[in-house]
Amino acid sequence: MASFKFLLYGASGYIGSHVLATLQSLGIETVVGKARLEDRCTLKLEIESAMPTHLVCAAGLKGKPNVDWFELAENYSEAYDINVQSQVDIAKFCSSAGIHCTLISSGFIYNYDDAHPIGGSGFTEEDQPNYSSLVYSKLRIDLEKELSPFIEDKSVLLLRFNMPLSSTENPANILTKCVKFNSVNPIPNSFSVLEDLCPVLVKLASSKVGGVFNFTNPGHISLAEILQLYKEKVNPNHEWTISEAPKNRPSCHLDTSKLESHQQVPNIRSSIEKIFDNWKTSK
């Protein structure tokens with residue numbers, strides 16, 4: 001890996017900071033991109049100047065303070081430019097320059113349905129997205145459509161993270177948020193443990209793998225089950241109530257067979273148990 005040179009955008013964000021830490025731990029030469037995604041001219045010049053072998057873009061809009069921000073009509077133009085068009089332009093820049101490109105997407109495009117009920121088979125990469133009620137989700141679907149030529153020729157690696165979490169406290173960490181909730185819903189979801197998956201991201205990118213991947217840990221778990229593990233392993237006095245699932249948020253189980261054909265990844269329950277064991281030790 002010493003001959004590789006990665007250019008990383010979004011290094012200060014939740015996912016991007018874990019990607020940066022992984023690259024640094026592996027001793028891979030890494031340049032942190034400074035250009036803003038909306039400034040395409042500066043962005044292109046920076047990519048050309050850095051001359052990387054690989055580019056990872058973990059930058060984008062997540063919503064302020066959440067995805068409901070995307071529902072405001074006055075935010076649509078900015079949201080489309082950053083979360084769709086800038087990503088497509090990066091893919092074009094990289095393709096023309098022979099740079100392997102990794103883009104971060106989301107599993108927020110699926111919701112349980114009759115063909116994929118709770119407890120049934122998960123959504124594969126070949127399943128058509130079935131959730132576009134939120135503008136955030138619709139833009140993620142638009143991105144995949146616009147990237148289809150690059151996905152088909154495997155010049156772009158598109159990774160669908162879902163509900164990312166990690167062992168360190170962070171406002172974006174679902175575990176940090178979950179243990180502060182007074183009530184949670186019992187619907188199982190797929191989750192992405194960053195310590196497990198960021199090394200896989202680097203491995204796939206380094207091998208110049210392309211295409212779409214459901215990028216979560218195998219299996220599924222609900223927030224209620226997560227809090228039960230927290231109670232058992234960290235805080236026996238923790239209490240919460242069960243609430244109905246919000247009607248304006250999707251829930252899904254993403255099939256990880258394709259990912260696991262490239263790299264073994266820990267099951268989500270065992271990975272969260274390990275995190276809580278470490279939390280207990282550190283408290």
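Where is the place of Phe6? Phe6 sits in strand 1, which covers residues 5-9. Before we look around, a word on the model: this is a predicted one, where local features need pLDDT of at least 70, side-chain atom pairs count only at pLDDT 80 or more, and totals for chains, interfaces and linings use all residues. Residues are numbered from 1 along each chain as its sequence is written, and side-chain values use heavy atoms, with hydrogens and water left out.

## The whole protein

Let's start with the overall picture. The protein has ten helices and ten strands; these are DSSP runs numbered from the N terminus, with helices being H or I of at least four residues and strands being E of at least two. Its radius of gyration is 19 Å, close to the 19 Å that the globule rule gives for 283 residues, so the protein is as compact as a globular protein of that length. (That radius is taken over C-alpha atoms, and the rule is 2.2 Å times the number of residues to the power 0.38.) Taken along the principal axes, the box filled by the C-alpha atoms is roughly 55 × 40 × 35 Å.

Of the 283 residues, 52% are buried. Buried means under 20% relative accessible area, exposed means over 50%, and partly exposed is in between, using a 1.4 Å probe and protein chains only. As for contacts, meaning heavy atoms within 4.5 Å, take those between residues at least 6 apart in sequence: 78% of them join residues at least 24 apart.

Phe6 counts as buried, at 0% relative accessibility. Leaving out residues up to four places away in sequence, Phe6 touches a list of residues including Leu23, Ile28, Val31, Pro52, His54, Val56, Val202 and Ala205. Val179 is another story: Phe6 and Val179 are 173 residues apart in sequence and 35 Å apart in space, C-alpha to C-alpha.

Ser105 belongs to strand 4, residues 100-106. At 4% relative accessibility, Ser105 counts as buried. Not counting residues up to four places away in sequence, Ser105 touches Arg140, Glu144, Leu158, Leu159, Arg160 and Phe161.

## Two helix pairs

Two packed helices are described by the angle between their axes and the distance between the axes. Here the axes are lines fitted to C-alpha atoms, for helices over the stretch in contact, and angles run from 0 to 180 degrees between N-to-C directions. A crossing is left-handed if the near helix is turned anticlockwise from the far one by less than a right angle, and right-handed if clockwise.

| Helix pair | Axes come within | Crossing angle |
|---|---|---|
| helix 3 (residues 76-97) and helix 4 (residues 135-146) | 9 Å | roughly 30° |
| helix 1 (residues 14-25) and helix 7 | 9 Å | roughly 65° |

How do helix 3 and helix 4 lie, roughly parallel or roughly antiparallel to each other? They are roughly parallel; angles under 35 degrees count as that, over 145 as roughly antiparallel, 65 to 115 as roughly perpendicular and the rest as oblique. The crossing of helix 3 and helix 4 is right-handed. In helix 3, the residues Tyr76, Ala79, Tyr80, Asn83, Val84, Gln87 and Val88 meet Val135, Tyr136, Lys138, Leu139, Arg140, Asp142, Leu143 and Glu146 in helix 4. By class, the residues of this contact are nine nonpolar, two polar and four charged. Ala, Val, Leu, Ile, Met, Phe, Trp, Tyr, Cys and Pro count as nonpolar, Asp, Glu, Lys and Arg as charged, and the others, Gly among them, as polar.

Zoom in on Asp142 in helix 4. Asp142 is buried, with a relative accessible area of 15%. Residues up to four places away in sequence aside, Asp142 touches Tyr76, Tyr80 and Val84.

Helix 1 also passes helix 7 in a right-handed crossing. From helix 1, Tyr14, Ile15, His18, Val19, Thr22 and Leu23 meet Leu194, Glu195, Cys198, Pro199, Leu201 and Val202 in helix 7. The contact of helix 1 with helix 7 has nine nonpolar, two polar and one charged residues.

Most residues other than glycine have a negative phi, and most peptide bonds are trans. Met163 has a positive phi near 45° without being a glycine. Met163 lies in the loop between strand 5 (156-161) and strand 6 (164-165), and is partly exposed at 22% relative accessible area.

Lys208 is not a glycine either, yet has a positive phi of about 60°. Lys208 is in the loop between helix 7 (194-206) and strand 9 (211-214), and counts as exposed at 51% relative accessibility.

Finally, Lys64 and Pro65 are joined by a cis peptide bond, with omega about 5°. Pro65 is in the loop between strand 3 (54-57) and helix 3.
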